[in-house]
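The following note sets out several points on the structure shown below.

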Amino acid sequence: MKAITTRQYGTPDVLTLEDIAQPNPKSKELLIKVSASAVTSGDARIRGLNVPFGFKFITRLLFGFNKPKQPVLGTVFSGVVAATGNEVTEFKEGDEVFGASNNFGSHAEYVVVPESGPIAIKPANCSFNEAAAIPFGALTSLKYLRDFGKIKAGEKILINGASGALGVYGVQLAKYFGAHVTGMCSTANVSLVKSLGADAVIDYTTTDFTKNGEAYDIIYDTVGKITFSQSKKSLTKNGRLLLAAAGLPQYFQVLSTSLFSKKKVIAGVAVFNKKDIAVIKELVSSGKLRSVIGKQFPLSETKEAHIYVDTGHKVASAVITM
Ligand SMILES: NC(=O)c1ccc[n+]([C@@H]2O[C@H](COP(=O)([O-])OP(=O)(O)OC[C@H]3O[C@@H](n4cnc5c(N)ncnc54)[C@H](OP(=O)(O)O)[C@@H]3O)[C@@H](O)[C@H]2O)c1
């Protein structure tokens, strides 16, 4: 099968289109014929070993010391079940599905995933490309807002990076949870963020949110640009600063604020699971969450997609089509 491989860490130049052996599903696994995937910020971080401060060593331990252990990146997919292991009960050949692979592998014509993983039947109101654009940002923001941030109806939230993959679903999910949402992005993305339902939009190129006199119950920074000291005055008494791109120093603040401060810094790794993809599927099916695609690339142009992601200014998802 055709796959994009990453046989060393580095710039997008390390990516190669290769013919490799098709994987075989074990007894509790599914073989998916991939229709679409996305190059996520997670894929780009692993390819370039470009991780938040303090996490390089642990990333090498987890993903391969000198080169990626799994040469085929790709965390998300949509596609059709091509074969099932003999103990699979929930899915059958021909099912149209979408989800995430906790072991990459989706930048290929076929990927194998466990039945128990974050996979669900694709919403009928979504194309394969639209479906592949959803899981990474939606599952992460669901985890951050619902579980880490414990968002409540009526709360005020500021979302930085509102036009990115985490942001576009963060804005929609925060609205779904009943919050008053302010999205923050650059000028070019203001209308997109408004169209997602944000109550207000701040253009960070012209306006400094720390000087607008507002206080937020939650500030969700998906970019890694907002510090605790900078945002303290913009947080309510029990406000939470959620950091999706935290480095080691920010994790020390998570610890210290959990002990000594009413205002909290919160960060963590969003581990994707089956229950949450089912939640996302329902929200998409009922029209409460819509897919956003920034750009689309054929598999053979995955390198160009990585270059786009590396700009740090992609809009929502960079979808890869097979
Ligand atoms: N903790 C976890 O479990 C977890 C899970 C998934 C992802 N992440 C991390 O979350 C981060 C965001 O991921 P993503 O996929 O959403 O990234 P993304 O799609 O690349 O979005 C980045 C956003 O940042 C905005 N941006 C760039 N420079 C900015 C600046 N100076 N000020 C304000 N906004 C700026 C861009 O908007 P404009 O173009 O409008 O500037 C863009 O929308 C990544 O670092 C990723 O590694 C963490």
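Where is the place of Glu-93 in the chain? The points below begin with the answer.

1. The model under discussion is predicted. In it, Glu-93 sits in the loop between strands S4 and S5. Glu-93 has 12 other C-beta atoms within 10 Å and is therefore exposed, the cut-off for that class being 12 or fewer. Once neighbours within four places in sequence are set aside, its contacts are Val-81, Ala-82, Ala-83 and Thr-84. From Glu-93 to Ser-106 the sequence separation is 13 residues, and the C-alpha atoms of the two are 18 Å apart.

2. S4 (residues 76–84) and S5 run antiparallel and are joined by five bridges. One of the pairings links Val-76 to its bridge partner Ala-100 in S5.

3. S5 also pairs with strand S7 (residues 119–121): three bridges join them, and the two run antiparallel. Here Gly-99 has Ile-119 of S7 as its bridge partner. Is S5 enclosed or open? Four of the five residues in S5 (residues 96–100) are buried, so the strand is largely enclosed by the rest of the structure.

4. Two helix contacts deserve a separate description. Two packed helices are described by the angle between their axes and the distance between the axes. For H4 (residues 135–148) and H9 (residues 274–285), the axes come within 10 Å and cross at roughly 110°. These two helices are therefore roughly perpendicular to each other, since angles of 65 to 115 degrees fall in that class. On the H4 side the contact is made by Pro-135, Ala-138, Leu-139 and Leu-142, and on the H9 side by Asp-276, Ile-277, Val-279 and Ile-280. Sorted by class, the residues in this contact of H4 with H9 are seven nonpolar, no polar and one charged.

5. Which residues bring H1 and H10 into contact? The axes of H1 (residues 41–48) and H10 (residues 302–310) come within 10 Å and cross at roughly 100°, and the helices are therefore roughly perpendicular to each other. Ser-41, Ala-44 and Arg-47 of H1 make the contact with His-306, Val-309 and Asp-310 of H10. By class, the contact of H1 with H10 consists of two nonpolar, two polar and two charged residues.

6. Some values for the chain as a whole complete the note. Its secondary structure comes to 10 helices and 15 strands. Along the principal axes, the C-alpha trace spans about 55 × 45 × 40 Å. A compact globule of 322 residues would have a radius of gyration near 20 Å, and the chain, with 19 Å, therefore agrees with that expectation.

7. Burial and contact range may be read together. Of the 322 residues in the chain, 47% are buried. Among contacts between residues at least 6 apart in sequence, 68% join residues at least 24 apart.

Methods:
Residues numbered from 1 in each chain as written. Predicted model: local features only at pLDDT ≥ 70, side-chain atom pairs only at ≥ 80, totals over all residues. Axes fitted to C-alpha atoms, helices over the stretch in contact; angles between N-to-C directions. Parallel < 35°, antiparallel > 145°, perpendicular 65-115°, else oblique. Contact = placed C-beta atoms within 7 Å. Nonpolar A, V, L, I, M, F, W, Y, C, P; charged D, E, K, R; others polar. Rg over C-alpha atoms; globule rule 2.2 N^0.38 Å. Buried ≥ 20, exposed ≤ 12 C-beta atoms within 10 Å, placed from the backbone. Pairing = 2+ DSSP bridges.
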